[in-house]
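Okay, thanks everyone. Let me put the structure up, and then I'll walk you through a few spots in it.

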Amino acid sequence: DSLLMAWRNIQFSHLHAARDAGSAAISTGTSFETSKDFLIDDRGGSLCRLGATSADQYIQVDRGAAGEQIDQLYIPAGHVLSGCTIRLEASADAGMGTPTTMLAATAISGTAAISYALTPSGLRYVRLTMETAGTKWQLGELVLSRQRTLTRGPDEGWIDAHVFPAQIFPKRTGARPAAEFGAMQRQFQFEFRRLSGSDL
């Protein structure tokens, strides 16, 4: 028997606005108890922890001049936001006087990865607010991105494999000890030929 699945064209997220802006452009209204660099270092297991427990703690990114529009929020699994209500806003001024709501107040449950489509915005300042009081909220990465979906699928014969995020240390004796860095991952490899601007 064959298993039929619905097909959705591949989506790409090619922007990490907070990392592009840099650590110096990331701020909060109180303090960071651990390094804010953890928000942009691609290591979801190293958590950035806010330094206060009051309501409406926030992380703000100054993108500099108005940039490419953002339409996706992603926070990897392992965060400590369960029980928190978050919202995301953008503004042309640092004080967020007349903000555009990108993500309305949304309650987080559990520690699974957070991924939300946003109301697109290219405004300079973007603020993620943790509305709920009571703990020092923590997250491992703050990815503000833009998704693209191709209008055509890949060529036939793509690769669908399972890989372990591990580093092997081969020894002259033949032993091959390994250090594992997480759970097994699914890895795809696609080939696209003869794409044009109309395919994006």
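**A sheet, a core and a loop**

So, let's begin with the open sheet: three strands, in the order S8-S5-S11, with antiparallel pairing. Keep in mind that this is a predicted model. At the edges you've got S8 and strand S11 (143-145), each with a single partner strand, so one side of each has no neighbour in the sheet. From one strand to the next, the twist averages 20 degrees.

Now look at the S5 and S8 pair. These two run antiparallel and are joined by five bridges. If you want one to click on, take Gln-72: its bridge partner in S8 is Ala-117.

Okay, on to the core. Which residues touch the most other members of the largest nonpolar core? That would be Met-130, Leu-142 and Leu-144, out of 30 residues. Several elements give two or more residues to this core, among them helix H1 (17-21), strand S5 (70-75) and strand S8 (114-121).

Setting aside neighbours within four places in sequence, Leu-144 is in contact with a list including Leu-15, Val-61, Ile-70, Gln-72, Leu-88 and Val-126.

Last stop: Asp-155, in the loop between strand S12 (147-149) and strand S13 (159-163). Is Asp-155 buried or exposed? Its relative accessible area is 14%, and buried means under 20%, so Asp-155 counts as buried. Its side chain makes a polar contact of 2.9 Å with the side chain of Arg-193. Beyond neighbours within four places in sequence, Asp-155 is in contact with Glu-191, Phe-192 and Arg-193.

Methods:
Residues numbered from 1 in each chain as written. Predicted model: local features only at pLDDT ≥ 70, side-chain atom pairs only at ≥ 80, totals over all residues. Heavy atoms only, no water. Core = buried A, V, L, I, M, F, W, Y, C linked by side-chain atoms within 4.5 Å. Buried < 20%, exposed > 50% of the residue type's maximum accessible area, 1.4 Å probe, protein only. Helix = DSSP H or I, 4+ residues; strand = E, 2+ residues; numbered from the N terminus. Contact = heavy atoms within 4.5 Å. Pairing = 2+ DSSP bridges. Axes fitted to C-alpha atoms, helices over the stretch in contact; angles between N-to-C directions. Polar contact = N/O pair within 3.5 Å; in protein donor to acceptor, adjacent residues only side chain to side chain.
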